[in-house]
Amino acid sequence: MERMSAVSVTDWQVALLQLAKSFSFYAPVSFNGSMDYDLIDDENAGSIIYNHPKPSTPLKTFFLPVRENVTSEAERKKQTVVMGAPACDLAALDMLDEMYLGRDFTDIYYKARRENSFIIGYECNSMAENCHCTSCGINPFPEKHSDLSLVKIDGRVFLDAVTQKGKDLLKFIGEHAVIEQANETEAKRIQEKRETLKEELGRANNRLPGYEESGKLLEKTNGAIWEKYSEKCVSCGACATICPTCTCFLLIDRPGFEKIRQMDACQYPGFERVAAGEDPLGELPVRFRNRYYCKYVWRPMKFKSIACTGCGRCIDTCIGKISKNELLEELYANKK
Amino acid sequence: MGNNHNIYKPLRAELVEVIEESPTIKSFVLKPEKEFTFATGQFIELTLNGTGEAPFTPSSSPLVKDRIEITIMKAGYVTEKIHGLKPGEIMGIRGPYGRGYPLDELFGKEILILGGGCGFAPLRSLLYNLEAEKDKIEKVTFCYGSKNPAECIYKPYIENLRQTEKFEVYRTVDVADEAWAEEVGVATVLLDKVEVNIDKSVAVVCGPPVMMKFGVMKLLEMGYAETQIYLSMEKNMSCGLGKCGHCMMGEHFVCKDGPVFRYDEIKDQPDIWK
């Protein structure tokens with residue numbers, strides 16, 4: 001690995017305010033005990049949280065807004081910098097890009113937003129409840145889709161420009177801050193932190209099957225496990241809404257042949273219902289199962305990208321306190 | 001298709017004629033603002049301005065480029081509104097989408113077609129196409145079932161088809177009236193009547209889910225292999241692009257991988273008949 005760039009915290013604060021002035025600059029701040037992205041300005045720049053997993057909202061919301069007119073001209077707005085995306089959310093862009101940029105067509109709205117954004121990925125310095133990226137084969141530090149990767153340790157901010165966009169951003173930062181090179185001790189420290197966290201994540205999830213194994217286990221399930229785990233599901237769709245890889249949407253018609261794309265969830269009743277009334281996902285356990293099958297069995301058959309990156313938000317957010325991991329662990333334990 | 005083409009924007013099409021096919025089914029003849037081509041069995045998304053959009057497989061011949069006919073059963077919110085339309089209305093069409101009927105697999109064969117209710121709509125498009133390619137097929141046996149004589153659609157077309165060389169037509173109704181002189185019973189009873197050389201045959205099925213289910217069971221019983229049966233699946237196709245997820249059937253996006261599937265491709269999927 002090429003040695004990272006290093007900036008003192010004092011200099012970083014100066015550069016940060018310049019970034020906030022020149023771009024629509026988003027970073028994680030604390031909200032009533034949780035953490036989420038906010039538009040950064042002079043007021044809140046000091047309360048940005050560094051390298052702590054995971055913003056309540058997944059990165060996808062910057063590229064796939066909840067509602068969007070998809071028949072109007074794609075807007076060119078001020079360039080956006082999103083700072084603080086964890087590795088799980090970055091890896092999820094594989095699926096989003098494959099869906100909206102690859103395959104048969106390019107979604108011009110998604111494309112415009114992707115092109116108009118810089119992503120500053122965070123290394124995670126700790127794990128949060130339900131984090132399990134490593135079980136999905138993802139390391140807890142940026143390895144893809146991050147233009148500039150950032151880790152803040154002991155009064156210094158370390159930056160790694162990965163893409164041309166990242167280099168441009170680093171150059172911008174260099175206009176307002178003194179950029180040095182991380183020394184050998186610091187580089188070693190960063191590496192050690194990575195290893196320690198990987199081990200911690202592995203230990204915390206040692207009963208959880210890996211991504212592919214999960215798919216194999218799910219394929220063999222019968223109705224009983226779905227009855228059991230869907231018992232407390234109220235079909236609120238939060239698991240899909242908060243998922244960094246869920247992409248399903250609804251098209252709503254408006255006068256003038258306009259169409260609104262609104263993010264949707266297979267967990268909502270009626271998601272697959274047709275006019276005559278047939279509804280393949282009409283029964284709750286079947287609908288509940290659909291999301292697991294989609295993530296671990298069906299998407300892998302059609303896509304190169306994985307459909308779960310181990311952020312654990314679907315577990316964090318479930319009002320029925322249903323744990324996807326508990327279900328997978330149960331299947332894994334029963335197999336042994 | 002260029003990368004900057006906006007696939008969500010419908011092409012405008014003027015409604016030029018409304019044909020009442022039955023008390024619940026009407027055909028809508030549309031004149032698109034520019035030439036619109038599709039392969040038989042592919043579907044389009046039809047927009048009723050400001051109200052909604054729904055998927056339909058055209059019932060007209062794919063060889064006709066300046067008109068497109070859509071046959072619609074009144075079944076839900078959007079279709080009910082469409083049924084109230086008068087000629088002159090400007091509608092929107094997107095598409096065509098998906099994989100249609102595998103004509104190459106049908107050529108050289110004895111084609112058994114089983115249809116029910118409004119499922120005749122996509123099949124009529126196929127029949128038109130097969131009529132035009134008559135030299136390439138052995139024969140077509142068309143079996144059609146509907147609820148009652150009034151619900152039998154495309155009556156003039158049926159009469160023409162009966163006069164067409166290489167085409168045979170069998171019809172049944174669940175409930176007959178005094179004037180009905182053909183079969184009575186569910187659509188699958190017709191399969192007992194037909195004479196086909198199964199080894200040289202391919203079957204195509206389109207109709208309500210319950211008819212498709214029993215139709216397939218019957219065909220398998222008759223000796224058709226799973227690879228000799230094609231089905232048009234009706235799901236909630238919305239975007240048409242394999243993105244929105246509403247029509248997923250197992251790993252398949254029906255809008256993109258279908259709507260026409262060979263039975264062996266989908267037989268293991270849960271809930272295909274719903």
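Residues are numbered from 1 along each chain as its sequence is written, while chains are lettered from A, and ligands numbered from 1, in the order in which they are written. As this is a predicted model, local features need pLDDT of at least 70 and side-chain atom pairs count only at pLDDT 80 or more, whereas totals for chains, interfaces and linings use all residues.

**View 1. Helix α2 of chain A, a mostly covered helix.** Helix α2 of chain A covers residues 87-100; helices here are DSSP runs of H or I with at least four residues, strands are runs of E with at least two, and both are numbered from the N terminus. (The expected span is 1.5 Å times one less than the number of residues.) In α2(A), 11 of the 14 residues are buried, among them A:Cys88, A:Leu93, A:Met99 and A:Tyr100. A residue is buried if 20 or more other C-beta atoms lie within 10 Å of its own, exposed if 12 or fewer, and partly exposed in between, with C-beta atoms placed from the backbone. The buried residues of α2(A) pack against β5 (80-85), α3 (108-115) and β6 (117-122) of chain A; contact requires C-beta atoms, placed from the backbone, within 7 Å.

**View 2. The largest nonpolar core and a second, separate one.** A nonpolar core is a set of buried Ala, Val, Leu, Ile, Met, Phe, Trp, Tyr and Cys residues joined through C-beta atoms within 7 Å. The largest has 158 residues, and those with the most contacts inside it include A:Val82, A:Leu150, B:Ala203 and B:Ile229. Helix α2(A) gives the most to this core, with 10 residues. A second, separate core of 6 residues includes A:Trp226, A:Tyr229, A:Phe288 and A:Leu328. If you zoom in on B:Ala203, you will find that B:Ala203 touches B:Leu112, B:Leu114, B:Leu219, B:Tyr224, B:Gln228 and B:Ile229, not counting residues up to four places away in sequence.

**View 3. A:Asp36 in strand β3 of chain A.** This strand takes in residues 34-39. A:Asp36 is partly exposed, with 17 other C-beta atoms within 10 Å. Leaving aside residues up to four places away in sequence, A:Asp36 touches A:Pro28, A:Phe31, A:Pro55, A:Ser56 and A:Thr57. A:Tyr26 is 10 residues from A:Asp36 in sequence and 9.5 Å from A:Asp36 in space, C-alpha to C-alpha.

**View 4. Where chain B meets chain A.** Here 35 residues of chain B are in contact with 32 residues of chain A. Strand β4 (residues 52-56) of chain B gives the most to the side of chain B that touches chain A, with 3 residues. By class, that side has 10 nonpolar, 17 polar and 8 charged residues. (Ala, Val, Leu, Ile, Met, Phe, Trp, Tyr, Cys and Pro count as nonpolar, Asp, Glu, Lys and Arg as charged, and the others, Gly among them, as polar.)

**View 5. An open sheet of 6 strands in chain B.** The strand order is β4-β3-β6-β1-β2-β5, with antiparallel pairing; two strands pair if DSSP finds at least two bridges between them. β4 and β5 (68-73) of chain B stand at the edges with a single partner strand each, so one side of each is left without a neighbour in the sheet. Strand β1 (residues 11-20) of chain B is joined to β6 (residues 90-97) by 4 bridges and to β2 (residues 25-32) by 7 bridges. B:Ala13 stands opposite B:Met91 in β6(B), and its bridge partner in β2(B) is B:Pro32. B:Arg12 stands opposite B:Gly92 in β6(B). A hairpin joins β1(B) to β2(B) through 4 residues.

**View 6. An open sheet of 3 strands in chain A.** The order is β4-β11-β10, and the pairing is antiparallel. The edge strands, β4 (67-69) and β10 (249-254) of chain A, each pair on one side only. β4(A) and β11(A) (residues 258-263) pair over 3 bridges, and A:Arg67 stands opposite A:Gln262 in β11(A). Between β10(A) and β11(A) there are 6 bridges, and the bridge partner of A:Asp253 in β11(A) is A:Lys259. These two strands form a hairpin with 3 residues between them, and A:Gly256 in the turn has a positive phi of about 85 degrees. β10(A) has a covered face of A:Phe249, A:Leu251 and A:Asp253, and an uncovered face of A:Leu250, A:Ile252 and A:Arg254.

Conventions:
Contact = placed C-beta atoms within 7 Å.
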